[in-house]
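Hello,

I am handing over the structure we talked about, and it should open just below. Please have a look at it first, and then read on.

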Amino acid sequence: MKKERILVTGGTGYIGSHTVVELQNAGYDVVIIDNLSNSNIDVLDGIERITGIRPAFVEADCTDINSLRKLFEEYPGISGIINFAASKAVGESMQKPVLYYRNNLGTLLNLLDMMAEFNVKGIVFSSSCTVYGEPDVNPVTEAAPIKKATSPYGNTKQISEEIITDTINAGADFKSVILRYFNPVGAHPSAEIGELPNGVPQNLIPYVTQTAMGIRKELSVFGDDYNTPDGSCIRDYINVVDLAKAHVIAVERMLQDKSDKKIEIFNLGTGNGLSVLELINAFETATGVKVPHKIVGRRAGDIEKVWADPRYANEVLGWKAETPIEDTMRSAWNWQCRLRERGVM
């Protein structure tokens, strides 16, 4: 039996592309919409090489309601949406707040309008641990207080969660699963897809792998004077394929009415905090390749330490992050090596 049709916004992006692979492997019919502002059309080839299926693709911007409506008309019967379409760099959002509010909130508002118009059953929303701000206690549970965001990016996630909650509380006839990610890293084990931001990477791991490859001179570690064992910030680094699998479980839960709640929130992480310096060390140990790095001043908007308590997702979703960090680091390096083979970088 053919499973439902799922719209994946931002589906050629980093987490989106890995989720499309897992959805297709689970038998879903996937339609991607992406404006390619921070991704590459060649990702579709990688997805096809892994799954044997080329997903339907529409190049358009989700902030354009007419393009979105046209997609829903061309691909009828969309049962669920996974929304990844968003600008996502904390540092950049400090410089370009209006861009972040327009893109991230405009996209969500348009999708909610389309859901009502085309009877979509549910939306999985890509949120972030940034909603917890600088947490009072680690590890962080779903019951932790939502704090004032330290960046416009984090604020767009908080506001988006509020918009979804308000819409459902107002009687909208759909469900939502909100997934608060910690720090996704690594690449598909096939090395066919991975993280490839356009321009200078805003995320740590692409910068690590590009520095290890000699593309970047050295990696800057922002601050070594935090209240952590080695002075660098601590995060919960989760393998991107593990993360992608959680979305498939969330979609199934939503569409098959496995919960009587109309809105559910889960933290997705490993439950282990690693410092930036520990992560660099894990990469060097896993690959045998050195990463030249220097300590620089703190960066605006950065949180000192945050890691997940993933027990609720483990128990209720039946999902667990299982990939060891060494395997994740090797997958990131294999992806970088594949890019070099292809002459990409």
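Predicted model: local features only at pLDDT ≥ 70, side-chain atom pairs only at ≥ 80, totals over all residues.

Residues are numbered from 1 along each chain as its sequence is written, and side-chain values use heavy atoms, with hydrogens and water left out.

Let me start with two helices. Helices (H or I, at least four residues) and strands (E, at least two) are DSSP runs, numbered from the N terminus. The expected span of a helix is 1.5 Å times one less than its number of residues. Helix H5 (residues 97–117) has 21 residues and should therefore span 30 Å, which agrees with the 30 Å between its end C-alpha atoms. Its buried residues (under 20% relative accessible area with a 1.4 Å probe, protein chains only; exposed is over 50%, partly exposed in between) include Tyr100, Leu105, Leu108 and Met115. The buried residues of H5 pack against strands S1 (5–9), S4 (78–83) and S5 (122–128), and against helices H3 (65–74), H4 (90–95) and H6 (152–169).

H6 itself has 18 residues; these should span 26 Å, and the end C-alpha atoms are 25 Å apart, which agrees. Among the buried residues of H6 are Tyr153, Lys157, Glu161 and Ile164. They are covered by elements including H4, H5, S5, S6 and S11. Just after H6, glycine 171 has a positive phi of about 105°.

What comes between H5 and S5? Phenylalanine 118 is in that loop, and it counts as partly exposed because its relative accessibility is 26%. Beyond its neighbours within four places in sequence, phenylalanine 118 is in contact (heavy atoms within 4.5 Å) with Arg69, Phe72 and Glu73.

Next, the cores. A nonpolar core is a set of buried Ala, Val, Leu, Ile, Met, Phe, Trp, Tyr and Cys residues joined through side-chain atoms within 4.5 Å. The largest one has 36 residues, and those touching the most other members include Ile6, Leu23, Tyr28 and Trp319. Helix H8 (240–255) is among the elements that supply at least two residues, and H8 gives the most, with nine. Setting aside residues up to four places away in sequence, isoleucine 6 touches residues including Leu23, Tyr28, Ile82 and Val251.

On a 1 Å grid over the protein atoms alone, a cavity is a set of points where a 1.4 Å probe fits but cannot get out; a pocket is an open set with protein on both sides within 12 Å along at least five of seven lines, and lining residues have an atom within 4 Å of a point. Grid points are joined across faces, edges and corners, and a volume is the space filled by probe spheres set on the points. There are three cavities of 30 Å³ or more. The largest cavity has a volume of about 90 Å³, and 13 residues line it, with Glu195, Pro206, Thr209, Ala332 and Trp335 closest to its centre.

The second largest pocket holds about 220 Å³ of space. Its lining has 15 residues, and Tyr237, Thr270, Asn272, Thr323 and Ile325 lie nearest the centre. Strand S10 (237–239) and helix H11 (325–341) each give two or more residues to this lining.

Happy exploring, and best wishes
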